[in-house]
Amino acid sequence: MSSNLKERTREILFASLPLTFRDAVKITRHLKVRYLWIDSLCIIQDSPEDWEEEIAIMGQVYARSLITLTASMSRNSDGGCRVGKRPAAENNQPLDILKGSKRIRIFENTPLDWNNAWNRGPLRKRAWTLQERQLSTRSLHFSETLLLWECKTSKASSELPWMQMRIEDPPSLLMLNDAAENIENSGSLSMRDHWFSIVEDYSQRSLTYEADKLPALSGLAQALTQSHGTYFAGLFRMDLPSALLWRSKIAQSPHELQPRRPCHYRAPSWSWAAVEGAIVYDSQRLDEAVSEEGSMSFYEGSRALSNRESERVGVIYPDVLSELQGGQIIFCMEVRKERYWSKVLMPSTIYDRNSEPKDEEDSRATVMGLALVKDDEHTGGYKRVGLVRWMKRSCFSDVEACEITIY
């Protein structure tokens, strides 16, 4: 084949690619990079064997890449790697003034916030893209309004290319898992908060195939096993027991989908991956100033537990609202002590928040755990249906300890 024919063939093949792929090729050539990885082209889409083989090393692909390009504003492969045009009312043409070796940039209006610009695009809602961003050494995001740069130490934008914004958010104040963990040596706390934040973000994203829930996060989980230890079904062993105490985020508007079970088995009921919908770990976070939003979550997304004398003794946050029916027998398994001050407001009917604990034992008068029902598919087994909070410890005084299996 002559060189002219080869060149013509390459042009025809290039022209047949979707716009986003063509843009990616041009950018890669401009950066003088030899290789470009595009998932949908490099993974044989109709081959389960190739898909499983490539998914197993996906974490390495992004972690070892020179740069990751993200078409943040594109809804499909025809959107292109491009920054959208702003409405005329939002135009903010800067004026640059050079003063010696320094540049002063003056804006007519406040520059756009980096995080807001990144959050606007549809790519932000796709589950597969989370681990791609987390694992990449550096990324170039073509957002709706700005060209955004991101690496492990800083962020910048086309408006403020020299801005050095730290990526790390301040870690949450988490409950200690046990006496061996302390605030001074907070490495495990930071790692736990990091994974909890990833799971909370990830659970809100959409997937084309429900079965991809854990595979789409497997590359990131694999990359963290060296520091986090044993991993199974979305949870790290070092994060126990806190990792078990997630709750479903009940939809507050008719336009949002309520949490539900996947159509086919995907994970044990104690794993957040057993629910389709957003989950949160607010039960494990502490806050000096309890927000009003936290108090609303009790009234709108929970159900009261009562003893035979109709005294209110605790609250269930259901994983799926439809699973809790009247007259159903709920078993409560204690997992850990409940903190007196937590991020979510404790109902005054359970415990008087206006009075300080009399002593250390008094501050542990309530416990947190799992709401369980008997599993009809496994004799003697149980399955989780919700998170139990502020359960009075006295309710467990006459209970004999035993071993159970949760499926």
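Student: Where is Ser271 found, in terms of the strands around it?

Tutor: The model is predicted, and what follows is computed from it. Ser271 is found in the loop between strand E10, residues 247–248, and strand E11, residues 279–280. Although it is a loop residue, Ser271 has a relative accessible area of 0%. Ser271 therefore counts as buried, since the cut-off is under 20%. The side chain of Ser271 has a polar atom 3.1 Å from the backbone nitrogen of Ala273. With neighbours within four places in sequence left aside, the contacts of Ser271 are Ala233, Leu235 and Trp246.

As for the whole protein, it has 10 helices and 18 strands. Of its 407 residues, 42% are buried, and Ser271 is one of the buried residues. Among contacts with a separation of 6 or more, 63% are between residues 24 or more positions apart. The protein exposes about 24,000 Å², of which carbon and sulfur atoms supply 52%.

Lys155 is found in strand E6, residues 155–157. Its relative accessibility is 7%, so Lys155 counts as buried. The side chain of Lys155 is joined to that of Asn115 by a polar contact of 3.0 Å. Ser139 is 16 residues from Lys155 along the chain, and the C-alpha atoms of the two are separated by 9.6 Å.

Notes
Residues are numbered from 1 along each chain as its sequence is written. This is a predicted model: local features need pLDDT of at least 70, side-chain atom pairs count only at pLDDT 80 or more; totals for chains, interfaces and linings use all residues. Side-chain values use heavy atoms; hydrogens and water are left out. Helices (H or I, at least four residues) and strands (E, at least two) are DSSP runs, numbered from the N terminus. Buried means under 20% relative accessible area, exposed over 50%, partly exposed in between (1.4 Å probe, protein chains only). A polar contact is a pair of N or O atoms within 3.5 Å; within protein, one must be able to donate a hydrogen and the other to accept it, and residues adjacent in sequence count only if both atoms are side-chain atoms. Contact means heavy atoms within 4.5 Å. Accessible areas come from the Shrake-Rupley method with a 1.4 Å probe; for residues, only the protein chains shown count as cover.
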